[in-house]
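Good morning, colleagues. Please look at the model as I bring it up.

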Amino acid sequence: MAVTQRRGRRIMMTPDELDEFLTTQRTCRVATVSADGAPHVSTLWFVWDGKSLWLYSITRSKRWADLRRDPRVAVVVDTGEEYDDLRGVELSGTVEFIGEAPRTGEPYPELDSVERLFARKNFGLDEMPHDGRHAWMRLTPEATASWDFRKLASL
């Protein structure tokens, strides 16, 4: 994964900080490009497996249609209320669609650990509930940019 930031390197997250941040946060904003070229941003829950960001999207959404047509995406995960508490990361690349769409729970070994992580993190369950409306996308980032404004105090 390429680190794309030139400025702000002193406040960027280390690989361990980034992994911890993405493991504990639950909400991201997904930016896509509509058929007419207009940007579209929507919110999703996600799970991080240490290498890829897994997005569980409604298959009848504008986001899903946009990404089926053009799988390039930018995702932002951030937190903080006060300026000196702001932290976040932008991940960008191309999504891959994994499993059946919509997901009905058919056996798919590649999704076993992802669904277990997602169910525990977001629902407090050991098994993923399938509603026949969502499906999985995987973003293995090609580029990242991160920030942790809490580090400003030590500069």
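Which residue forms a salt bridge with Arg-133? The partner is Asp-131, and the closest N and O atoms lie 3.8 Å apart. By salt bridge I mean a side-chain nitrogen of Lys or Arg within 4 Å of a carboxyl oxygen of Asp or Glu.

A word on the basis of these values. This is a predicted model, in which local features need pLDDT of at least 70 and side-chain atom pairs count only at pLDDT 80 or more, while totals for chains, interfaces and linings use all residues. Residues are numbered from 1 along each chain as its sequence is written, and side-chain values use heavy atoms, with hydrogens and water left out.

Both members of this pair are partly exposed: Arg-133 has a relative accessible area of 46%, and Asp-131 has 41%. Here buried means under 20% relative accessible area, exposed over 50%, and partly exposed in between, with a 1.4 Å probe and protein chains only.

In total, the structure holds twelve salt bridges. One of them joins Arg-138 to Glu-96, with 3.2 Å between the closest N and O atoms. Arg-138 belongs to strand E7 (residues 134-139) and Glu-96 to strand E6 (residues 87-98), so this pair ties together parts 42 residues apart in sequence. Strands (E, at least two residues) are DSSP runs, numbered from the N terminus. Arg-138 is buried, at 15%, whereas Glu-96 is partly exposed, at 37%.

Finally, a network of salt bridges links Lys-62, Asp-66 and Arg-69.

Note on methods. Helices (H or I, at least four residues) and strands (E, at least two) are DSSP runs, numbered from the N terminus.
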